[in-house]
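Subject: The two-chain model

Hi there,

Here is the structure I promised to pass on. Please have it open while you read, and my notes follow below.

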Amino acid sequence: MSESLISDTVKDAVEIVKDHHHDVHDHDVHGGDDHSGDHGGHHTSLGLSNTKLAMWLFLGSECLLFGGLISTYMLYRNRHSENLGPDQLWDIPFTSATSFVLLTSSLTMVLAVSAAKRKDLRNTKIYLGVTALLGGLFLAGQIYEFTVFYREGLGFTTSLFSSSFFTLTGFHGVHVSIGIIMLVAMIGMLSKEKVSGDEAEAVEMVGLYWHFVDIVWIIIFTLVYLIPA
Amino acid sequence: MAIIERPTEIPDTANRGVRPAPKASTNYGYLRRPVETTGWRSWAFTVDHKKIGIMYGAVAMFFFILGGLEAALIRLQLAGPDGTILSADKYNQMFTMHATTMVFLFVMPMAAAFANYFIPLQIGARDVAFPRLNALSLWVFVFGGVFLNTSWFLGGGADGGWFMYAPNSSVPFSPTNGVDFWGLGLQITGIASLVGAINLIVTVLNMRAPGMSMMKMPIFTWMAFVVQMLLLFAIPVITVALFLLMFQRSFGAQFFSVEAGADPLLWQHLFWIFGHPEVYILVLPSFGIISEVLPVFSKKPLFGYPFVVFSGAAIGFVGWGVWAHHMFASGLGPVSVAVFSVATMAIAVPTGVKIINWTLTLWGGKLTFTTAMLFAVGLIVQFTIGGLSGVTHAVAPSDTQQTDTYYIVAHFHYVIFGGAVLGLFSGFYYWWPKVFGKLLSESLGKWNFWLMIAGMNLTFGPMHIIGLQGQPRRMYRWTEFRAGEGFFNLGFWNLVATIGTFVLGVGILLFLVNIWITHRPNSKTPPAPADPWDARSLEWITSSPPKEYNFARTPQVSQLDEFFHRKYEDVGEGDKHEYVQKMTGEEVIQFEEDNADPNIHLPAPSYWPMVLAFALPVMAYGVIYNTLLIVAGAAIATMAMFGWALEPADAEASDFDPPVEGDEMSKELANV
C-alpha cells in the first residue's frame with residue numbers, strides 16, 4: 001500500500017516537473033528581448049529569455065551590494081553611545097507589523113504574475129496596485145520609524161552604529177521605492193498597451209526584483225532587529 | 001547603422017522572396033528616432049556593438065596617453081635627487097590619477113572594447129543581447145572618465161593613491177574635492193562595467209550560434225566571459241565602499257572616523273575584495289587574446305584548450321580568496337596572514353598552467369614572428385617575471401620587508417604592463433585588419449614592439465633594485481644623502497628608469513604613427529586580405545571589416561576552431577593528424593555570402609542611452625556643488641528611462657527623415 005503511494009507520488013512529481021519544464025520552455029523561448037540583435041528565431045542558447053537571465057545576474061550582483069552593507073552594519077552595530085543603541089531604540093512589534101506588510105506584498109506580487117500569465121489584465125493591474133500600496137505602507141512605516149529614532153537623538157552622523165544603520169536600511173528603502181515606481185509604471189504601461197514584447201514576462205521581471213527586495217528585508221530584519229546586539 | 005529591413009543593406013544574392021515592409025508607425029515619445037547611417041549621429045546614437053567597440057577603444061587610447069603623460073611627469077620628478085618639477089601635493093595627485101586612469105580608464109575599457117567587438121563575432125551573433133544597454137555602458141564610461149578628469153580644473157585631482165585608504169582619504173587629510181571626484185567618477189564608470197558585464201554574460205550564454213557549445217567557444221570569449229563574471233560580483237563591493245566614503249565626506253557619516261571608534265581596516269577589506277579580482281579583470285582579457293594569437297602563428301591548435309579554460313575559471317574563483325595579501329602589513333594576525341599567504345601561492349598554479357599551455361602551443365609549431373606574435377611571446381616572458389616577483393610577496397615575512405617600496409611597483413608593472421598591456425597590443429596588431437580592413441605596417445610594428453619591451457624593462461626592471469634598496473613608494477623626492485654607493489646607487493637606477501619611460505613612450509608613439517601611416521588620406525596601404533593570418537576562429541568567417549549584420553548567414557558550428565576546420569581537411573590516419581587545405585578563407589566567406597539569410601533584423605539606434613548616461617555626471621556634480629543639480633540629473637535620468645521603456649524596439653517608417661530630393665533611398669524609406 002505504502003509502496004504504491006510512493007510510486008504514485010513520484011509519478012505525480014515527474015508529471016509536475018515535465019509540465020513545468022514545458023511551461024518554462026513555452027514561455028521563455030518566445031518571450032525574448034524584443035530589442036535583441038537576433039530577431040530571427042527568438043531562440044536563445046539556454047532556452048531562458050535574455051531579459052530574465054539579465055535580471056537574475058543583476059540580482060546576483062545586488063547580493064554583494066547588500067552583503068557589503070550588512071557586513072558594515074554588523075561590524076559597527078555595538079559602537080554607539082550608552083543610551084542610543086539597538087536595544088534602547090527598537091520597537092520590535094511595530095517593525096514586525098511593517099515587515100509583515102512587506103511580506104504580504106510578495107503574495108500579491110505572485111498573484112499579479114499569475115494573473116498576467118493567464119492574460120487577465122484587470123486582475124494583473126489590481127494586484128500590481130495592491131503590491132505598490134503595501135510597499136508604500138512599508139515605506140511609510142520606515143519613515144515613521146526613522147523620525148522616531150531621530151527625535152530620540154539618533155541622527156545619521158551620531159555614531160558608527162547610526163551611520164551604518166541608516167545607510168543599510170536607507171539603501172533597502174530606496175530599493176523598495178524604485179520597486180514601487182516600477183509597479184506603478186507597469187500599471188500605466190499595461191493600461192496604455194505600451195509594453196514592448198511579452199507583457200507577462202515584463203510583469204514577472206518586476207516580480208523577481210520585488211521578491212528579491214523582500215528577501216533582503218527578511219535578512220535585514222533578522223540580523224538588525226531580531227538578534228540582540 | 002543598419003535599420004531593420006533597410007532595403008539596400010540586405011544581401012539578397014539568393015533572391016529569395018520579398019522582405020516584409022516595416023509596420024505602420026505609432027508615435028511613442030518625445031523625440032524622433034535617429035536613423036542616420038553616416039555622420040556623427042551614426043556613431044553617437046548607434047547600438048552596433050562594433051562601432052561601440054571602436055569608440056571604447058578610441059576613448060581608452062586617449063586615456064592611455066593621458067595616463068602615460070602623468071607617468072612621465074612622475075618619472076621626471078624622480079630622475080634625480082630632490083626633484084623640483086612637482087610639488088609634494090601635485091605629486092600625490094599625479095600618482096593617484098596615473099593609476100586610476102590606467103586601471104579604470106585604459107585597461108578596463110580597452111578590454112571592454114575587445115570584448116564588445118569580438119564576443120558577438122566569435123560566437124556567431126549579430127549583436128549583443130541588449131544593444132541599447134551596450135551603448136549605455138559606453139557613454140556612461142565616457143562621461144564618467146571625463147567627469148573624473150575635470151577634477152584637474154576644479155581644485156586638483158584625488159591624492160590618496162588609487163586604493164584611497166580611509167581614513168587617510170577623509171576631509172581633514174584631503175580637503176579638496178579631488179577625492180569626491182574620484183569616488184563619484186568611479187561610481188559612474190562602475191555602472192558602465194556592471195551593465196556591460198550583465199549584457200556580455202547574457203550574450204555569451206544565450207546568443208551562441210547553433211552548434212557552439214561552451215567548450216567550442218573561442219578562448220578569448222571564454223576569458224572575457226570570466227572577466228565579466230568577476231566584474232558582476234566585484235563592482236558592487238567597491239560600490240559599497242565608495243558610497244561609505246561619499247557619505248563620510250559629503251554628509252558627515254562616521255564610517256571611517258577613528259576617533260568615533262571606526263575600524264580603519266573596513267575600507268581596506270572592502271577595497272581589496274574588489275581590488276584583487278580587479279587584478280584578474282585587468283589581465284585575463286589579454287590572456288584570452290594571446291591564446292588566440294599563439295596558435296595562429298604556431299600553426300597548431302591551442303595546447304590543452306580545456307585546461308586553459310578551466311584554469312581561467314579557477315583563477316576567477318580563487319581570485320576571491322586572496323585579497324588580504326594586500327594587507328599583510330596591517331596587523332591582521334598570524335592565522336589570517338598564513339591562510340592568505342597559502343591561497344596566494346595556490347593561485348600561482350592555474351596561472352602556471354596557462355604559461356605551460358602557451359609554451360607547449362609554441363613547441364614544435366611553425367612559428368611566424370609577426371608583431372602580434374612578438375607581443376604575445378613578450379607577454380609570456382614579461383608576465384612570468386612579474387609572476388615570480390609576485391610569489392615573493394606571497395611569502396608574508398618577505399612581503400613585510402617589501403611593502404610600500406618600489407619593489408612592489410616593479411612587480412605590478414611587470415604583471416599589468418607586461419601582462420595586460422602587451423596582450424592588448426598583440427590584439428591590436430592581430431585584429432586590426434579585421435576591424436579596419438587594413439594591415440598595420442609590420443616593420444614599424446617591430447620597432448614598436450622592441451622599443452616597448454626595452455622601455456618597459458629599463459623602466460620597471462631597475463625598480464626591483466631601487467625597491468630592495470628601500471626607496472619607498474609614493475615619496476615625492478629622494479635625497480642624495482641616502483642614495484647608497486656603487487652598483488646599488490639609487491641615483492643611477494632612478495635615472496635609468498626615467499630614460500626607460502621615454503623609450504617606452506617613443507615605442508607607444510610609433511604605434512600611433514603606424515595607425516596614421518596606414519589610414520592617412522593618401523595612404524598606399526592596400527586593403528587587407530580577408531584572412532591575412534590563416535586564422536582559426538569564427539570572427540574571420542565574414543568580410544573585414546564586417547558588415548553591420550556581422551554574418552551573411554548565422555554560421556553553423558561543429559568544432560572548436562571552426563574556421564580552420566572549414567579550410568583544412570584532416571587526411572591523417574588514426575591518431576595522426578595531417579591537414580591539407582581544401583578551401584581558402586576567401587572561399588569560405590564567399591560560400592557563406594552566397595547562402596545569405598534573406599531577412600536580417602538589426603536593432604534600431606536610440607538617443608536614450610546617451611541621454612541617460614549624461615544624467616549621471618550631472619547628479620555627481622550635484623553631490624559636490626549643489627543639491628539642485630542632483631534633482632535636475634535625476635529628472636533627466638527619469639525622463640530618459642521612460643523614453644527608453646516606451647520606445648518600440650524597432651524603427652518605424654515615420655522615424656525616417658522626410659524624403660530628400662534626389663536621394664532615392666530616403667524616398668523609398670519614407671514611402672514604406
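Before the first number, one term: buried area is the accessible area, taken with a 1.4 Å probe, that two parts lose on being put together, summed over both. Please also keep in mind that this is a predicted model.

**Where the chains meet**

Between chain A and chain B, about 3,600 Å² is buried, and carbon and sulfur atoms give 69% of that area. On the chain A side, α2 (50–76) and α6 (160–191) each supply at least two of the residues that touch chain B. The largest share comes from α2(A), with 15 residues. Sorted by class, the chain A side has 16 nonpolar, 20 polar and 5 charged residues. In total, 41 residues of chain A and 45 residues of chain B take part in the contact.

What about salt bridges across the interface of chain A and chain B: how many does the rule find? The count is 0. Polar contacts do turn up, with 11 residue pairs between chain A and chain B, both residues being at pLDDT 80 or more.

**A helix pair in chain B**

Have a look at helix α10 (residues 371–394) and helix α13 (residues 442–468) of chain B, which pack at an angle of about 10° with their axes 10 Å apart. Angles under 35 degrees count as roughly parallel, so α10(B) is roughly parallel to α13(B). From α10(B), the residues making the contact include B:Leu374, B:Phe375 and B:Gln382. Among those from α13(B) are B:Phe449, B:Trp450, B:Met452 and B:His464. The contact of these two helices has 7 nonpolar, 8 polar and 2 charged residues.

**Backbone spots to check**

Most residues other than glycine have a negative phi, and most peptide bonds are trans.

- B:Ala166 and B:Pro167 are joined by a cis peptide bond, with omega about 5°. B:Pro167 sits in the loop between α4 (131–150) and α5 (178–206) of chain B.
- B:Ser544 and B:Pro545 are also linked by a cis peptide bond, here with omega about -10°. The loop between α14 (490–519) and α15 (562–567) of chain B holds B:Pro545.
- B:Asp82 is not a glycine, yet its phi is positive, at about 55°. You will find B:Asp82 in the loop between α2 (49–78) and α3 (88–122) of chain B.

Technical notes: Residues are numbered from 1 along each chain as its sequence is written. Chains are lettered from A and ligands numbered from 1 in the order in which they are written. This is a predicted model: local features need pLDDT of at least 70, side-chain atom pairs count only at pLDDT 80 or more; totals for chains, interfaces and linings use all residues. Side-chain values use heavy atoms; hydrogens and water are left out. Contact means heavy atoms within 4.5 Å. A salt bridge is a side-chain nitrogen of Lys or Arg within 4 Å of a carboxyl oxygen of Asp or Glu. A polar contact is a pair of N or O atoms within 3.5 Å; within protein, one must be able to donate a hydrogen and the other to accept it, and residues adjacent in sequence count only if both atoms are side-chain atoms. Helices (H or I, at least four residues) and strands (E, at least two) are DSSP runs, numbered from the N terminus. Ala, Val, Leu, Ile, Met, Phe, Trp, Tyr, Cys and Pro count as nonpolar, Asp, Glu, Lys and Arg as charged, and the others, Gly among them, as polar. Axes are lines fitted to C-alpha atoms, for helices over the stretch in contact, and angles run from 0 to 180 degrees between N-to-C directions. Angles under 35 degrees count as roughly parallel, over 145 as roughly antiparallel, 65 to 115 as roughly perpendicular and the rest as oblique.
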